[in-house]
Amino acid sequence: MSGLSLRTRMAVAAAVTVVLAAVAVGYVSAAAGRAKPGRPAASQSMTLDDGPLLVVTDRHLALADRTDPTAPRQISDLECVRVYAAAGTGVCIRPVSAWEYQLVVLDRLLRPTRSFPVPGLPNRARVSPSGRMVAWTTFVGGDSYAAAGFSTRTGIMDMRTGAMVSTLEDFSVTREGRAFQAIDRNYWGVTFSADDNLFYATMAAEGRNYLVRGDYAARTLQTVTTGVECPSLSPDGTRIAFKQAIGGDPELGWRLAVLQLSTMSLTMVSEARSVDDQPAWLDAATLAYTVRGSDGSPEIWSAAADGTGQPRLLAAGAESPAPLG
């Protein structure tokens, strides 16, 4: 453009700016339009009742057969990037624009009962076994647990009272019996016990990852052990399934493991691929989790929690597994 006059260059620049602005507005409008929650498109009988596996398929809430990966799925028109459900309460983290997300709480008929914005990029979502407590994790700085300097925001809401903790950073922390006040604390991956008060999560601080036990009513956290990420409490409350960084370095990937809380003994799950996910318990003996292929496409697999047997494909082209019942 060096041969053009100043007036001509200014006119061209203005035109380009108008075009780019129009494209951006059109993209955001389209994304917002796609993100509107609606009635289930696949079936009016689509519910959160016991039986199937709740998943995300093509960024939409769906129900998959947990025994037959080739069976047809019910797919709703509710756009979600993360889902979870328990006892007839579901959560869907959905996009409302290209840069904004909202957590929507659903009843058993997939009707929204509550919604609120969540900051950053959605990463984890959980519901307590009774359906009363809801938790979420987002990235508010960085976009990966393997990235240097990432930052997360993890919150919890009591659906019975409406009380919300917007960040676990407001809880007081005890490490080895003493108050712990590291300023670089990050939390992610909440998992609830059956009593709706006790929960577990990961805390990163001073270059280490801790499994922490939380008391929601007391607003306290206590470190349990190190090297645990994205914990998932077993149905009987005795074990924690989690992802463990290979050699302590997330750049090398993660392996699934199960921690026995009474003895602190560790069992490695037979899945040999890297699993960057918070596993879900299908039942007392089996885990479900997402694995991504070389092209980035997700698949949900299952494996025995005791380390025996071989992993089994549950659902191709799906992620964010949550067993219903």
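pLDDT is the predictor's confidence in each residue, on a scale from 0 to 100. I start there, as I am working with a predicted model.

**Entry 1: confidence.** I looked up the chain average and found a mean pLDDT of 87, with 84% of the residues at 70 or more. Over residues 1-43, though, the pLDDT is below 50. That stretch has 35 contacts in the model beyond near neighbours in sequence.

**Entry 2: the disulfide.** How many disulfides does the model hold? I count one disulfide. Cys 80 and Cys 92 form it, and their sulfur atoms lie 2.1 Å apart. I checked the turn about the S-S bond next: the value is -110°, and the link of Cys 80 and Cys 92 is left-handed. The pair ties together distant parts of the chain, 12 residues apart. Cys 80 sits in the loop between β3 (74-79) and β4 (82-86), while Cys 92 belongs to strand β5 (residues 89-95). Are these two cysteines buried or exposed? Both Cys 80 and Cys 92 are buried. While on cysteines, I also looked up Cys 230: its relative accessibility is 0%, so I note Cys 230 as buried.

**Entry 3: the open sheet.** I then traced a sheet of six strands, and its order reads β13-β12-β17-β16-β15-β14. The sheet is open and its pairing is mixed. Which strands stand at the edges? They are β13 (178-180) and β14 (186-192); each has a single partner strand, so one side of each is left without a neighbour in the sheet. On average, neighbouring strands here are turned by 35° against each other, direction ignored. I zoomed in on one pairing: β12 (residues 172-175) and β17 run parallel, joined by three bridges. Within that pairing, Ser 172 of the chain has Thr 220 in β17 as its bridge partner.

**Entry 4: two arginines with positive phi.** Going through the backbone angles, I stopped at Arg 59, a residue other than glycine whose phi is positive, near 65°. Arg 59 is placed in the loop between β1 (53-57) and β2 (60-64). Its relative accessibility is 39%, so Arg 59 goes down as partly exposed, the class between 20% and 50%.

Arg 219 is another non-glycine on my list, with a positive phi of about 55°. I found Arg 219 in the loop between β16 (208-215) and β17 (220-226). With a relative accessible area of 32%, Arg 219 is partly exposed.

Definitions and conventions: Residues are numbered from 1 along each chain as its sequence is written. This is a predicted model: local features need pLDDT of at least 70, side-chain atom pairs count only at pLDDT 80 or more; totals for chains, interfaces and linings use all residues. Side-chain values use heavy atoms; hydrogens and water are left out. Helices (H or I, at least four residues) and strands (E, at least two) are DSSP runs, numbered from the N terminus. Buried means under 20% relative accessible area, exposed over 50%, partly exposed in between (1.4 Å probe, protein chains only). Two strands pair if DSSP finds at least two bridges between them. Axes are lines fitted to C-alpha atoms, for helices over the stretch in contact, and angles run from 0 to 180 degrees between N-to-C directions. Contact means heavy atoms within 4.5 Å. A disulfide is a pair of cysteine sulfur atoms within 2.5 Å.
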